[in-house]
There are 2 protein chains.
Amino acid sequence: MRMNTHYSELKESYLFSEINHKVATFKASHPDADVIRMGIGDVTLPLCQASVEAMKEAVDEMGRAETFRGYGPEQGYDFLRDAIASYYAKKGVALERDEIFVSDGAKSDLGNILDLFDSQNTVLIPDPVYPVYVDTNLMAGRRIQFLKATVENQFLPMPPAGVKADLIYLCSPNNPTGAVYNRDQLAQWVAYANDQDAILLFDSAYEAFIRDPSLPRSIYEIPGAKTCAIEFCSFSKTAGFTGTRCGYTVVPKDLTRGEMSLNRMWLRRQTTKFNGVPYIVQRGAAAVLTEEGIRQAQQNIAYYMENAAIIANALRGLGIWFTGGENSPYIWMQCPEGYDSWKLFDLLLEKARVVGTPGAGFGSCGEGFFRLTAFGRREDAKRGMERLCGVYPR
Amino acid sequence: MRMNTHYSELKESYLFSEINHKVATFKASHPDADVIRMGIGDVTLPLCQASVEAMKEAVDEMGRAETFRGYGPEQGYDFLRDAIASYYAKKGVALERDEIFVSDGAKSDLGNILDLFDSQNTVLIPDPVYPVYVDTNLMAGRRIQFLKATVENQFLPMPPAGVKADLIYLCSPNNPTGAVYNRDQLAQWVAYANDQDAILLFDSAYEAFIRDPSLPRSIYEIPGAKTCAIEFCSFSKTAGFTGTRCGYTVVPKDLTRGEMSLNRMWLRRQTTKFNGVPYIVQRGAAAVLTEEGIRQAQQNIAYYMENAAIIANALRGLGIWFTGGENSPYIWMQCPEGYDSWKLFDLLLEKARVVGTPGAGFGSCGEGFFRLTAFGRREDAKRGMERLCGVYPR
């Protein structure tokens with residue numbers, strides 16, 4: 001019996017456990033402290049009523065013989081795939097129903113998509129980054145080349161000269177930096193990928209937070225993307241589905257390599273190793289994409305973006321360099337002179353009783369930066385930033 | 001860019017599309033024909049009321065700020081893992097909470113578990129078999145050795161002499177044959193696996209259909225299984241969750257190979273590539289495991305098993321050899337002299353207007369056999385078997 005020994009090469013991620021440990025220790029010695037969590041990457045507002053009603057109706061359907069549903073199509077019900085296609089059409093992107101695969105979330109698909117590729121491929125991954133991109137490749141023993149995201153490139157790395165890549169991860173709006181690629185920048189990536197025969201794995205989980213109409217909300221807004229890109233998206237942040245679990249992945253029919261159609265390969269992967277998303281949840285997701293659902297979901301997003309504006313304004317007032325916060329729920333701020341990201345974490349926890357996320361936890365280029373998020377309550381965003389301003393080193 | 005070329009080695013499964021094609025063709029030429037489907041592997045009774053009520057309550061919780069839930073633990077909420085542990089305790093199996101991993105179904109986990117193993121391993125798979133075991137291994141390029149299930153071994157193959165295996169799939173009660181291993185037979189498999197350092201992948205998705213108290217309902221009822229077996233189970237057939245999606249996988253802490261703990265590896269796999277089952281669905285699943293939920297689920301199972309008894313009695317009356325039907329919703333019958341499984345399919349469709357599943361679709365040893373299932377309506381089971389008796393070659 002041989003195990004997959006690449007698992008033993010994985011580093012344990014201590015980021016969130018270390019944060020929780022430090023917060024718990026602080027609270028133990030300051031039992032009355034009112035600690036504000038501004039590092040949280042999870043939504044806090046409840047599901048919109050359109051979803052709630054649709055799901056209750058769907059539960060009732062499942063409880064009656066005439067309307068009960070057993071196995072559904074692994075790739076999602078037509079009613080939801082069609083609703084997603086219409087959502088894309090509003091962005092100016094034409095997709096066919098069978099280019100859309102409904103799943104239990106972008107995280108699953110971002111990991112599982114690697115089944116389709118040989119383990120000898122070279123993978124380009126930005127640094128700092130969502131750790132899932134890195135770990136899922138290490139698990140299969142792939143070579144990773146990191147793309148440095150820095151102040152110089154505004155945390156938006158561009159195609160590296162002289163590098164032959166096979167798989168390229170891009171996330172825009174970015175987690176953790178909140179930076180968003182513009183149309184011209186994405187066009188350069190699409191040209192690079194098509195030129196190299198590489199595949200772009202484009203994570204658009206935060207597309208609904210884009211306010212600036214000139215910024216692309218799908219990679220397929222870029223001509224040529226259908227021959228090189230797979231797009232991963234989710235209802236998690238768009239509609240508060242982090243605990244309800246529904247996402248979708250677009251694999252265009254034009255995406256082929258040699259004789260192999262990636263659309264057909266992914267269909268085969270999903271029909272073999274997946275059995276679809278709960279009918280109840282698909283009804284809830286489809287309700288998000290109705291006119292009323294979109295309006296309700298946008299209200300929640302507007303609430304979060306008002307938090308983001310409060311955070312961004314406070315940082316501007318302090319003269320702190322940051323990315324994000326305008327078209328993204330994340331704000332990525334530079335640490336002050338003499339502070340690494342954990343030192344800033346300790347300062348804010350101890351003096352301001354504010355918890356953020358040290359950038360070093362997202363990769364070596366994250367050192368010297370700190371992530372704040374807009375997913376909390378309004379009052380906490382206001383009070384948190386007042387406290388941060390009060391203790392910030394000048 | 002290199003693709004995973006093993007995908008091109010997969011055979012397309014034409015079984016169910018071929019069945020659907022033949023039925024559609026027949027109906028086109030016999031528009032008034034009342035065709036009875038007895039080949040269906042999906043449940044037909046609605047969810048039990050305990051689940052329906054729990055899920056509606058959970059949907060409401062998701063719609064209110066005070067009770068909303070975002071990301072849950074990837075491996076499942078404690079309330080459900082503890083309920084599953086109690087369910088096992090009733091079978092006499094002691095499990096710790098963190099040996100239980102909640103998932104969206106046995107199919108996903110049976111495929112994804114292979115991430116933990118090297119692709120050079122040798123895999124033993126029974127024939128006939130649930131095609132997912134075969135395809136998921138072919139996708140990774142593993143060598144498969146088939147274990148012949150035949151009339152001689154009552155479709156319960158035992159450890160082969162002189163074969164060195166690494167991974168072994170067992171499914172009991174079996175799909176498609178309905179055969180169930182007894183305690184002594186499973187003890188031989190456990191001894192063989194421990195002796196060989198092999199891992200048993202034990203699919204117990206149909207355990208709730210076992211009526212005979214002497215038959216094991218979990219591999220862990222066999223001493224020694226915790227050092228060699230992973231068990232996959234599901235609410236799909238137990239509680240009609242085929243479209244609601246919830247299952248669980250047990251990876252004992254005693255299951256280690258070299259320095260590697262399979263429990264820790266699976267935790268790492270799931271936390272990296274999965275984001276948990278919807279909170280709503282987990283509440284519905286936990287309701288199945290309450291006293292009232294178990295009672296309601298058992299009523300549905302009793303309904304199906306009464307169908308199975310009707311089918312089995314009719315076959316006995318005809319003197320047909322079969323397995324299953326007593327502790328399983330599947331009945332696996334021998335085709336009459338001069339009939340292969342597709343020829344019997346055609347006869348039953350054309351003369352009796354009954355649809356079953358040709359055994360050849362489950363593997364080469366399935367040729368000469370035919371699968372009927374108990375998941376339909378009572379009236380259809382009765383009428384279907386009357387018609388089958390009427391046309392059966394003698």
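Predicted model: local features only at pLDDT ≥ 70, side-chain atom pairs only at ≥ 80, totals over all residues.
Trainee: Which residues does the UniProt annotation "binding site" cover?
Mentor: According to the unreviewed UniProt entry, that annotation covers Y14(A), G41(A), K107(A), Y130(A), N175(A), N275(A) and R371(A). They are spread over 358 residues of sequence, and they are spread in space as well, with up to 36.3 Å between C-alpha atoms.

Trainee: Okay, and where is Y130(A) placed?
Mentor: Y130(A) lies in the loop of chain A between β3 (122-127) and α5 (131-139). If we set aside its neighbours within four places in sequence, Y130(A) is in contact with K107(A), L110(A), N175(A), P176(A) and D203(A), and the annotation also covers K107(A) and N175(A).

Trainee: What about R371(A), is that buried or exposed?
Mentor: R371(A) counts as buried because its relative accessibility is 3%, and buried means under 20%. This residue sits in strand β15 (residues 369-373) of chain A, and its side chain reaches the backbone oxygen of G39(A) at 3.1 Å.

Trainee: Switching topic, which way do the residues of strand β8 point?
Mentor: In β8 (residues 247-250) of chain A, G247(A) and T249(A) point one way while Y248(A) and V250(A) point the other way, and all are buried. In a regular strand, the side chains alternate between the two faces of the sheet.

Trainee: And which strands are joined to β8(A) by bridges?
Mentor: Strand β2 (residues 100-103) of chain A runs antiparallel to β8(A) and is joined to it by four bridges, with T249(A) as the bridge partner of F101(A). Strand β7 (residues 229-234) of chain A is also antiparallel to β8(A) and joined to it by four bridges, and there E231(A) stands opposite V250(A).

Terms used
Residues numbered from 1 in each chain as written. Chains lettered and ligands numbered in written order. Heavy atoms only, no water. UniProt positions renumbered as here; feature names shortened; annotations may be inferred. Helix = DSSP H or I, 4+ residues; strand = E, 2+ residues; numbered from the N terminus. Contact = heavy atoms within 4.5 Å. Buried < 20%, exposed > 50% of the residue type's maximum accessible area, 1.4 Å probe, protein only. Polar contact = N/O pair within 3.5 Å; in protein donor to acceptor, adjacent residues only side chain to side chain. Pairing = 2+ DSSP bridges.
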